[in-house]
Amino acid sequence: IVTFNSWGETSTEAPLRDWLKAVDADVVLMQEVPPAWARQEDDTFSDLYPYLANQPFEMRAWGNNTWSRYPIVATESFDLEGDGTPTHSRTVIDLNGELIAVYNIHLQVPMRETPRLRVPLLNHPYLNMVLKYDDSTRNGQIERLIGLLNDESLPYVVGGDFNMSDQ
């Protein structure tokens with residue numbers, strides 16, 4: 001399984017296709033899917049991954065896609081924000097007769113709209129980022145995800161963009 005965020009700006013498929021062939025993953029979880037790839041009838045990678053579950057385009061401009069070499073038997077979008085907007089997905093895949101749940105998650109960037117403090121003479125993008133840092137929304141999403149996983153009846157894999165540092 002491979003997961004990555006395409007930033008919604010990936011409009012050419014050739015580099016991605018080459019990379020996916022090299023990685024040779026059975027399941028691909030993509031977040032911030034370009035609009036052209038966010039439709040159920042999209043067959044961009046159907047030669048590599050014949051099964052596609054995608055988040056309805058209306059849910060988020062740059063939604064999530066799950067591509068699989070194994071049959072997808074069910075898919076659903078669900079809410080982690082607590083506001084009723086289903087922006088994450090759970091896909092059930094038939095892995096040679098065994099069902100597994102695959103969660104494709106894209107958590108909130110840990111920033112508030114405005115900085116906690118304004119320092120006019122030190123208007124620097126990294127300083128503003130530090131002053132805007134707020135992980136409360138993302139932490140709430142994590143708590144709701146853990147609750148869902150505690151109730152999951154199938155073996156599962158969780159992947160996605162968790163908007164956390166590599167540390």
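1. Glutamate 76 is partly exposed, with a relative accessible area of 40% (buried means under 20%, exposed over 50%, partly exposed in between; 1.4 Å probe, protein chains only). Its side chain meets that of arginine 90 in a salt bridge, 3.2 Å from N to O (a side-chain nitrogen of Lys or Arg within 4 Å of a carboxyl oxygen of Asp or Glu). Arginine 90 is in strand 6 (residues 88-95) and glutamate 76 in strand 5, so the pair ties together parts 14 residues apart in sequence. Strands (E, at least two residues) and helices (H or I, at least four) are DSSP runs, numbered from the N terminus. Arginine 90 is buried, at 16%.

2. The model is predicted: local features need pLDDT of at least 70, side-chain atom pairs count only at pLDDT 80 or more, and totals for chains, interfaces and linings use all residues. Residues are numbered from 1 along each chain as its sequence is written, and side-chain values use heavy atoms, without hydrogens and water.

3. Asp24, Asp26 and Arg69 are linked in a network of salt bridges. The closest N and O atoms are 2.9 Å apart for aspartate 24 and arginine 69, and 3.4 Å apart for arginine 69 and aspartate 26. Arginine 69 lies in the loop between strand 4 and strand 5, and aspartate 26 in the loop between helix 1 and strand 2, 43 residues apart.

4. Arginine 138, in helix 3 (residues 136-151), is buried yet has no salt bridge; aspartate 135, the nearest side chain of opposite charge, is 4.1 Å away. A polar atom of the arginine 138 side chain lies 2.7 Å from the backbone oxygen of asparagine 163.

Definitions and conventions. Lys and Arg count as positive and Asp and Glu as negative; His and the chain ends are not counted. A polar contact is a pair of N or O atoms within 3.5 Å; within protein, one must be able to donate a hydrogen and the other to accept it, and residues adjacent in sequence count only if both atoms are side-chain atoms.
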